[in-house]
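Here are a few notes to read alongside the model. Keep the structure open and follow the points in order.

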Amino acid sequence: MNLSVKDISKRYGKVIALHKVSLQCAKGEIVGLLGRNGAGKTTLFKILFQLVEPDSGQVEFSPSKHKTLGGIIEKPGLYGYLNAYDNLKVFSRMQGLRLSEKDIELCLQRVGLPIDRTDQVQNFSMGMKQRLAIAIALLNQPSYLVLDEPFSGLDPIGIKAISSLILDVVAKDKIGVLIASHLVDQLSAISDRIYVINNGEIINSGETQQLIKDHSSYYTLYASNIGESESLKKYQAEIFPTKAIIQLKGHQLVDLLQELQEENIEITSYVPEVDFEKLFDVKA
Ligand SMILES: Nc1ncnc2c1ncn2[C@@H]1O[C@H](COP(=O)(O)OP(=O)(O)OP(=O)(O)O)[C@@H](O)[C@H]1O
């Protein structure tokens with residue numbers, strides 16, 4: 001089962017917001033849409049929700065099913081003066097759902113919100129607002145969840161918590177999730193695949209780890225004795241006792257790992273550092 005965006009284009013006057021954008025998201029998959037401000041992410045999401053009409057192209061669900069999409073666009077639209085319980089009640093009624101008190105409590109528990117918190121949601125932290133918005137987006141049991149900048153305004157712990165929640169929802173409900181963000185580290189930590197959008201065009205895409213590898217020129221290598229390495233001296237590297245930051249071309253990594261192994265330097269992890277210019281370079 002797939003959500004398919006096919007050749008979507010949209011102009012606002014002279015501004016080309018989207019140009020022939022195509023992407024796919026399968027059920028059970030997390031797909032990232034990485035783009036800077038103004039790249040066209042929100043316009044695409046508005047088109048998915050039929051809030052904006054594209055000039056050309058189609059959105060297809062296969063096989064098609066009624067009410068198949070849930071999500072958050074721009075920022076969580078909550079009633080700030082109501083508590084979490086009443087927000088869920090109002091939004092479920094709007095969708096024609098009649099949920100019992102127990103059902104609503106389960107919705108709150110599902111996203112990790114306390115059921116005994118009765119104050120207005122305007123007092124909530126950004127992370128709690130995001131959780132509530134995700135609970136609302138899941139009310140109609142969508143096949144796909146669309147999240148626009150779910151990490152914005154969150155601290156690192158909040159980002160981790162929302163990421164775990166999204167992973168948990170995907171694992172349990174086998175829904176597909178499409179996440180737009182400008183944060184490459186956060187998006188790559190959670191997405192199976194990533195599309196890079198720039199000035200309304202998809203300029204790069206691929207399986208996350210491969211995309212990062214292909215667009216990394218620096219690697220951080222960790223080993224308890226890496227500072228003793230002789231072979232590292234041939235490379236352009238900043239060497240510390242337990243880590244080294246090294247400029248490498250893709251194929252050099254395998255050679256270096258081999259050389260380090262021969263020196264009895266046991267690498268505990270290596271982390272590719274994405275080269276943003278390369279990732280956003282259309283000619284790359
Ligand atoms: N209603 C509109 N009228 C005119 N131009 C618009 C409209 N909506 C968006 N645009 C323009 O279309 C382009 C894409 O905007 P969009 O909001 O989709 O990008 P975005 O990637 O979501 O960025 P951001 O994260 O800043 O919202 C931008 O140049 C924006 O100024």
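**Notes on the ligand shell, the sheet and a helix pair**

1. Let's start with the ligand. Sorted by class, the shell around the ligand has 4 nonpolar, 6 polar and 1 charged residues. Do keep in mind that this is a predicted model.

2. Now for who those residues are. The shell around the ligand is made of Tyr 12, Val 15, Ala 17, Gly 35, Asn 37, Gly 38, Ala 39, Gly 40, Lys 41, Thr 42 and Thr 43.

3. Which element gives the largest share of the shell around the ligand? That's helix 1, with 3 residues. Helix 1 covers 41–48, and along with strand 2 (15–26) it is one of the elements that each supply at least two residues of the shell.

4. Strand 1 (residues 2–12) and strand 2 run antiparallel and are joined by 8 bridges. You can check the pairing yourself: Leu 3 stands opposite Cys 25 in strand 2, and Lys 10 stands opposite Leu 18 in strand 2. As you look along the strands, remember a general rule: in a regular strand, side chains alternate between the two faces of the sheet.

5. Last stop, a pair of helices. How do helix 2 (residues 84–94) and helix 3 (residues 101–110) meet? Their axes come within 10 Å and cross at roughly 115°. An angle of 65 to 115 degrees counts as roughly perpendicular, so helix 2 and helix 3 are roughly perpendicular to each other. The crossing of these two helices is right-handed.

6. And what makes that contact? From helix 2 come Ala 84, Tyr 85, Leu 88 and Lys 89, and from helix 3 come Ile 104, Cys 107 and Leu 108. By class, the residues of the contact of helix 2 with helix 3 divide into 6 nonpolar, no polar and 1 charged.

Technical notes
Residues are numbered from 1 along each chain as its sequence is written. This is a predicted model: local features need pLDDT of at least 70, side-chain atom pairs count only at pLDDT 80 or more; totals for chains, interfaces and linings use all residues. A residue is near a molecule or strand if its C-beta atom, placed from the backbone, lies within 6 Å of it. Helices (H or I, at least four residues) and strands (E, at least two) are DSSP runs, numbered from the N terminus. Ala, Val, Leu, Ile, Met, Phe, Trp, Tyr, Cys and Pro count as nonpolar, Asp, Glu, Lys and Arg as charged, and the others, Gly among them, as polar. Two strands pair if DSSP finds at least two bridges between them. Axes are lines fitted to C-alpha atoms, for helices over the stretch in contact, and angles run from 0 to 180 degrees between N-to-C directions. Angles under 35 degrees count as roughly parallel, over 145 as roughly antiparallel, 65 to 115 as roughly perpendicular and the rest as oblique. A crossing is left-handed if the near helix is turned anticlockwise from the far one by less than a right angle, and right-handed if clockwise. Two residues are in contact if their C-beta atoms, placed from the backbone, lie within 7 Å.
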